[in-house]
Amino acid sequence: MDFYDVINSRRAIRRYREGTVSDEVLKRIMEATRRAPSWANRQCWRFVLIKDRETMMKLGEMRSYRPDKSCYEKACAIAVVCADPSASGEIDGKQYYMLDTGIAMEHLILAATAEGLGTCWIGAIDERPIRQLLRIPEPYRVIAITPIGYADEQPPLRDRLPLDEIFHVNQW
């Protein structure tokens, strides 16, 4: 798939159909994620890739927001992105570990899209029980989750602001 086709076809998928994704495909997605840029190349992120159905269902039970728990039960895998805040930089009170993990997660999401898979960035999470379930050590923070799997829906393209509202050339 052409890069711009990947960008334009990416959707937040909240319903999945059952199936499996090969380890080869998952490895390509992980490799693309690993290539994401980060503050001083510190790569503060770590991912937990969950393929165990029981663990996925437990994650679905502890969700504090959407999507419906069925996406945890039917997805092929779930990626949980974590970050060590001290392994990234900070300037003027801006902590770059969030940006670093956002870029890495977007690499994962776009790579999955290129492989014909759906994802859904889930940031409204209760960190503590996820940390306990997955044995995530300090000082790592749980930042977001995404199911990875075959879409069982075709959401429409969502509206975006016009370019002239987003981009200002040479000055505001």
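Which residues of helix 6 (residues 127-134) are buried? In this predicted model, the buried residues of that helix are Glu127, Pro129, Ile130, Arg131 and Leu134.

**Helix 2 against helix 5**
- Helix 2 (residues 23-34) and helix 5 (residues 97-114) have axes that come within 8 Å and cross at roughly 145 degrees; the crossing is right-handed.
- Helix 2 contributes Ile29, Ala32 and Thr33 to the contact, while helix 5 contributes Ala104, His107, Leu108, Ala111 and Ala112.
- By type, the residues of this contact are six nonpolar, two polar and no charged.

**The nonpolar cores**
- The largest nonpolar core has 22 residues, of which Val21, Ile29, Val81, Leu108, Leu117, Ile143 and Ile148 touch the most other members.
- At least two residues of this core come from each of helix 2, strand 3 (77-83), helix 5 and strand 7 (141-151).
- Helix 5 gives the most to this core, with seven residues.
- Leaving aside residues up to four places away in sequence, Ile143 touches Val81, Cys82, Ala83, Tyr97, Met98, Thr101, Gly123 and Ile125.
- A second, separate core holds 19 residues, among them Ile13, Ala75, Ile78 and Leu134; Leu134 is also one of the buried residues of helix 6.

Note on methods:
Residues numbered from 1 in each chain as written. Predicted model: local features only at pLDDT ≥ 70, side-chain atom pairs only at ≥ 80, totals over all residues. Heavy atoms only, no water. Axes fitted to C-alpha atoms, helices over the stretch in contact; angles between N-to-C directions. Helix = DSSP H or I, 4+ residues; strand = E, 2+ residues; numbered from the N terminus. Left-handed = near helix turned anticlockwise from the far one by under 90°. Contact = heavy atoms within 4.5 Å. Nonpolar A, V, L, I, M, F, W, Y, C, P; charged D, E, K, R; others polar. Core = buried A, V, L, I, M, F, W, Y, C linked by side-chain atoms within 4.5 Å. Buried < 20%, exposed > 50% of the residue type's maximum accessible area, 1.4 Å probe, protein only.
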